[in-house]
Amino acid sequence: MRLGERVREIERDERLDPPASVLQRLADTVPEGRLRDLLHGVPLGHPLHPLSVQLPLGAWFSAALLDVLPGDHRRSAHALVNLGLLFALPSSVSGIVDLADQQERQKRVGVAHAAANGLGSLLFGASSAARAAGRHGWGRALTLAGLGAVAVGGSLGGHLAYYRAAGANSADYLIDLLPRDWKDVGALDGFPDGEPGRADLDGVEVVVVRSGTTVRAALGTCTHAGAPLAEGTVADGCLRCPWHGSEFSVEDGSVVRGPATAGLERLETSVADGRVLVRLPAART
Ligand code: FES
């Protein structure tokens, strides 16, 4: 059986639902606001978790490398194992917060991913203790075992990112389907004032927000996980996603509140003879 098929068995394993609920409750202890947005990566415009995991992994791989290089690098290798443990904590928290807004099948793989990485962290913790006690042979062996565990965790994380598109921009592919020229999407007064309206642009759903005679339009699919934004709400100049509450600026499509990290693709609008015209901005064509 191929590796991908084995991981899809994990997606169907309902025994992982109780630990997924525990992770969900842990994530819910982080209140909505700046800290949660920071953990998602909103200020970066990029998910934080895949970036932050580079720090502990880099430290641990470097420690393992020092263990096999000629010369006495025991102190440096021990320091790197400890540094990795330090970096692993915020990285784990960002992953757990991301997982809270995923679908059931993604959460099940996320549980396995977290378990493998948690085991890895325990092994590195044991390696550090062994090194502190002067048992350097055990320290080296436990570091190698820890690397094996985080390698399994990393491959499960790769499945989440590449196969299940967790953290990916769910609307990106739609840009290439948009027509390049102006399209009439309906009468101005056919769109509700101050609420999101839905329009079709050659088969691509577009969200239209009208305020009097001012019209803004963007791709109608949430970048986080693909929710139909026309079913969301508008308040304080922001369009709120109906699924997980991401907020996007109506003015320019930027992310105001996560979990989404990628902004909405804004479209050019024009009103002529009471009709709303929309097109992809010239800079994108
Ligand atoms: S689909 Fe998750 S915030 Fe929109």
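Predicted model: local features only at pLDDT ≥ 70, side-chain atom pairs only at ≥ 80, totals over all residues.

Residues are numbered from 1 along each chain as its sequence is written, and side-chain values use heavy atoms, with hydrogens and water left out. The protein chain is assigned domain 1 (3–163) and domain 2 (172–284), the bounds coming from an automatic or database domain assignment. The largest pocket lies between these domains because both give residues to its lining.

**Domain arrangement and interface**

- The centres of domain 1 and domain 2, taken over C-alpha atoms, are 37 Å apart.
- In terms of contact (heavy atoms within 4.5 Å), 12 residues of domain 1 meet 10 residues of domain 2.
- The size of an interface is often given as the accessible area lost when the parts come together.
- Between domain 1 and domain 2 about 830 Å² is buried, with 49% of it on carbon and sulfur atoms; buried area is the accessible area (1.4 Å probe) that two parts lose on being put together, summed over both.

**Salt bridges**

- A salt bridge is defined as a side-chain nitrogen of Lys or Arg within 4 Å of a carboxyl oxygen of Asp or Glu.
- The count by this rule is 16 salt bridges, and two salt bridges are found across the interface of domain 1 and domain 2.
- Arg257 pairs with Asp37 in a salt bridge whose closest N and O atoms are 3.3 Å apart.

**The largest pocket**

- A pocket is found on a 1 Å grid over the protein atoms alone, as an open set of points where a 1.4 Å probe fits, with protein on both sides within 12 Å along at least five of seven lines; lining residues have an atom within 4 Å of a point.
- The volume of the largest pocket is about 1,200 Å³, where volume is the space filled by probe spheres set on the points, and grid points are joined across faces, edges and corners.
- Its lining comprises 49 residues, with His49, Pro50, Val53, Gly95 and His113 nearest the centre.
- Two or more lining residues come from each of α4 (49–52), α5 (54–68), α6 (74–99), α7 (104–132) and α8 (136–163).
- The largest share of this lining, 10 residues, is given by α8.
- By class, the lining of the largest pocket holds 25 nonpolar, 22 polar and two charged residues; Ala, Val, Leu, Ile, Met, Phe, Trp, Tyr, Cys and Pro count as nonpolar, Asp, Glu, Lys and Arg as charged, and the others, Gly among them, as polar.

**The enclosed cavity**

- One cavity of 30 Å³ or more is counted, a cavity being a set of grid points where the probe fits but cannot get out.
- The largest cavity holds about 70 Å³ of space.
- Among the residues lining the largest cavity are Val207, Val209, Arg216, Leu239 and Arg266.
- The strands β3 (204–211) and β4 (214–219) each give two or more residues to this lining, and β4 gives the most, with three residues.
- Seven nonpolar, one polar and two charged residues make up the lining of the largest cavity.

**Backbone exceptions**

- Most residues other than glycine have a negative phi, and most peptide bonds are trans.
- Gly258 and Pro259 are joined by a cis peptide bond with omega of about 20°, and Pro259 is in the loop between β8 and β9 (266–272).
- Asp236, a residue other than glycine, has a positive phi near 50° and sits in the loop between β5 (233–235) and β6 (238–240).

Definitions and conventions: Helix = DSSP H or I, 4+ residues; strand = E, 2+ residues; numbered from the N terminus.
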